[in-house]
Amino acid sequence: MTETSRKAESDFTLFDSEDRVLEHASTILDGLEETTDLIKTLTTAYKRAVKDQKRMVRLCDRMQEELIAVKERLEGEVKARAELAEQFRMQAITDGLTQVFNRGHFLELCNHELKARSRTEAPLSVALLDIDHFKSINDTYGHAAGDEALRVVARTLENSLRQSDVVCRWGGEEFSLLMPRTNSENASGLTDRLRNTLSEIVIKEGGTSFSLTASFGVATMVGPNPACKATGADAIDLLFKDADDALYEAKGAGRNKVITAKARLLETAEAVD
């Protein structure tokens with residue numbers, strides 16, 4: 001083959017390769033354009049997804065804030081209802097004037113304590129106290145002064161008793177005390193200290209001041225609980241009858257005294273109702 005022929009063949013191959021290269025390049029460019037379009041589509045979709053995600057996050061944040069607000073509101077309502085229920089409960093068991101327990105709730109506590117001592121047979125003491133010459137306080141200083149006297153006596157009793165003891169307004173100018181696990185001697189000593197404390201108080205009301213005294217009757221239960229009733233209500237009635245008799249004796253002896261009834265050993269052989 002002549003040199004001219006070889007050169008012609010070489011030129012043809014070069015052109016042929018160039019065409020293939022250009023064709024291949026065109027294919028690649030087409031692919032790039034498609035890829036670019038796909039990337040643009042994906043980018044748009046991604047931006048939209050990010051935007052939707054941000055919107056969802058904001059929506060979730062608002063929903064969470066609303067849920068927290070609802071939760072706090074519900075908790076507030078529950079707390080308010082609980083406080084209201086507690087207020088109603090306290091109103092039902094306390095004396096409105098003195099804010100100590102009323103007689104009905106006090107007797108429930110007495111019977112509860114009576115049941116609790118059925119295993120230990122620990123002594124159970126109660127006391128009744130009456131403000132001496134209370135009518136004279138009302139007549140001399142007015143009913144507002146009398147009410148203040150009742151409040152002062154109630155506060156003094158609460159502040160002077162032990163944590164286990166209970167005080168209530170028995171009625172009128174009378175108060176009662178429950179002293180669990182307290183024998184007759186200790187109950188007498190405790191009530192005498194209360195008597196002395198009350199006699200030292202000066203009550204001020206409406207520009208006037210005055211003092212008062214109180215008489216106490218104390219009674220104590222010893223031995224096993226009676227078998228007369230499952231509730232023991234009769235036993236409590238008998239115990240307070242003894243305290244009332246002792247109080248009557250204290251008032252008859254000149255007032256401002258503590259009289260202690262003989263410790264009562266209740267009969268246990270009675271038939272159960």
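Modeller: Buried means under 20% relative accessible area, exposed means over 50%, and partly exposed lies in between, with a 1.4 Å probe and protein chains only. This is a predicted model: local features need pLDDT of at least 70, side-chain atom pairs count only at pLDDT 80 or more, and totals for chains, interfaces and linings use all residues. Residues are numbered from 1 along each chain as its sequence is written, and side-chain values use heavy atoms, with hydrogens and water left out.

Biologist: Is Arg 195 buried or exposed?

Modeller: The cut-off for buried is under 20% relative accessible area. Arg 195 has 15% relative accessibility, so Arg 195 counts as buried.

Biologist: Which residue forms a salt bridge with Arg 195?

Modeller: A salt bridge is a side-chain nitrogen of Lys or Arg within 4 Å of a carboxyl oxygen of Asp or Glu. Here the closest N and O atoms are 3.0 Å apart. The partner of Arg 195 is Asp 192.

Biologist: Which parts does the salt bridge of Glu 113 and Arg 181 tie together?

Modeller: Their side chains meet at 3.4 Å, N to O. The pair ties together parts that are 68 residues apart in sequence, because Glu 113 lies in helix 2 and Arg 181 in the loop between strand 3 and helix 5 (184-199).

Biologist: Of Glu 113 and Arg 181, is Arg 181 buried or exposed?

Modeller: Glu 113 counts as buried, at 15% relative accessibility.

Biologist: How many salt bridges does the count come to?

Modeller: Side chains of opposite charge can pair when their charged atoms come close. Salt bridges that share partners also join Glu 148, Arg 151 and Arg 155 into one network. By the 4 Å rule, the count comes to 12.

Biologist: Which residues form one aromatic cluster with Phe 106?

Modeller: Rings of Phe, Tyr and Trp (its six-membered ring) pair if their centres lie within 6.5 Å; planes under 30 degrees apart count as stacked, over 60 as edge-to-face and the rest as tilted. The structure holds four aromatic pairs. Phe 106 and Trp 170 are edge-to-face, 6.2 Å centre to centre with 90° between the planes, and the rings of Phe 106 and Phe 240 are 5.9 Å apart at 65°, so that pair is edge-to-face. The cluster with Phe 106 holds Trp 170 and Phe 240.

Biologist: How many residues apart in sequence are the parts tied together by Phe 106 and Phe 240?

Modeller: Both residues are buried. Phe 106 lies in helix 2 and Phe 240 in helix 6 (residues 233-252), so the pair ties together parts whose separation in sequence is 134 residues.

Biologist: Which residue has its charged end over the ring of Trp 170?

Modeller: A charge sits over a ring if NZ of Lys or CZ of Arg is within 6 Å of the ring centre and within 35 degrees of the ring normal. The charged end here is 3.9 Å from the centre of the ring. The residue is Arg 103.

Biologist: Which backbone oxygen does the side chain of Asn 102 reach?

Modeller: Asn 102 sits in the loop between helix 1 (3-93) and helix 2 (103-116). Asn 102 is buried, with a relative accessible area of 19%. A polar contact is a pair of N or O atoms within 3.5 Å; within protein, one must be able to donate a hydrogen and the other to accept it, and residues adjacent in sequence count only if both atoms are side-chain atoms. At 2.9 Å, the side chain reaches the backbone oxygen of Ala 92.

Biologist: Which exposed residues does helix 3 carry on the face turned away from its buried side?

Modeller: The buried residues of helix 3 (residues 134-141) are Phe 134, Ile 137 and Asn 138. Seen down the axis, they fall within an arc of 95°, so they line one face of the helix; the arc is that of the directions from the helix axis to the C-beta atoms. The face turned away carries Lys 135, Asp 139 and Thr 140.

Key:
Helix = DSSP H or I, 4+ residues; strand = E, 2+ residues; numbered from the N terminus.
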